[in-house]
Amino acid sequence: MLTEAWLADQETRAAYGSATLKYDIGAALVAARKRKNLTQAALAELAGVRESYIVALESGEANPPLSRVGAFFACLGVQCRLRLAPLLTPGPRTDTQKGEA
């Protein structure tokens, strides 16, 4: 679970932000590809890349430039839009937190 203490460390914060963005892009790419009923191989052919690169993108392992991300989504007839959300979301307070307020 992500905590404020982890976010206080710049390296941890940067790594977390980078990883989650790559995974979010990968999940969106999988969803868009499946809506078009395409295989990874078919998307790779449309995009002019190797299937292994699509696999890496969809798993969050690749680190593509943003222009390349946009091109992949355009191959699927969609555009990528960003939605910002807080890294930490308030959760239910525990009994010990209630007494500290």
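A nonpolar core is taken here as a set of buried Ala, Val, Leu, Ile, Met, Phe, Trp, Tyr and Cys residues joined through side-chain atoms within 4.5 Å, where buried means under 20% relative accessible area, exposed means over 50%, and partly exposed covers what lies in between (1.4 Å probe, protein chains only). The structure is a predicted model, in which local features need pLDDT of at least 70 and side-chain atom pairs count only at pLDDT 80 or more, while totals for chains, interfaces and linings use all residues. Residues are numbered from 1 along each chain as its sequence is written, and side-chain values use heavy atoms, with hydrogens and water left out.

The protein contains 6 helices and 0 strands, and its elements run α-α-α-α-α-α from the N terminus on; helices (H or I, at least four residues) and strands (E, at least two) are DSSP runs, numbered from the N terminus. Of the 101 residues of the protein, 20% count as buried. Among contacts (heavy atoms within 4.5 Å) between residues at least 6 apart in sequence, 57% join residues at least 24 apart.

The largest nonpolar core has 13 residues, of which Leu29, Ile54, Leu57, Phe72 and Phe73 touch the most other members. At least two residues of this core are supplied by each of H2, helix H3 (40–47), helix H4 (51–58) and H5. In soluble globular proteins, nonpolar side chains tend to be buried together. For Ile54, when neighbours within four places in sequence are left aside, the contacts are with Gln40, Leu43, Ala44, Val49 and Phe72.

Helix H2 (residues 10–35) and helix H5 (residues 66–75) have axes that come within 10 Å and cross at roughly 15 degrees, the axes being lines fitted to C-alpha atoms, for helices over the stretch in contact, with angles running from 0 to 180 degrees between N-to-C directions. H2 is therefore roughly parallel to H5, given that angles under 35 degrees count as roughly parallel, over 145 as roughly antiparallel, 65 to 115 as roughly perpendicular and the rest as oblique. On the H2 side the contact is made by Ile25, Ala28, Leu29 and Ala32, and on the H5 side by Val69, Phe72 and Phe73. These residues divide into 7 nonpolar, no polar and no charged, with Ala, Val, Leu, Ile, Met, Phe, Trp, Tyr, Cys and Pro counted as nonpolar, Asp, Glu, Lys and Arg as charged, and the others, Gly among them, as polar.

The axes of H3 and H4 come within 8 Å and cross at roughly 110 degrees, so that these two helices are roughly perpendicular to each other. Gln40, Ala41, Leu43 and Ala44 of H3 make this contact with Glu51, Ile54, Val55 and Glu58 of H4, and by class the contact has 5 nonpolar, 1 polar and 2 charged residues.

Arg33, placed in helix H2, is buried, with a relative accessible area of 8%; leaving aside its neighbours within four places in sequence, Arg33 is in contact with Leu38, Thr39, Gln40, Leu43, Glu58 and Leu76. Lys36, in the loop between H2 and H3, is partly exposed at a relative accessible area of 46%, and its C-alpha atom is 7.0 Å from that of Leu76, although the two residues are 40 apart in sequence. Gly70 of helix H5 counts as partly exposed at 34% relative accessibility, and the C-alpha atoms of Gly70 and Arg81, 11 residues apart along the chain, are separated by 9.6 Å.
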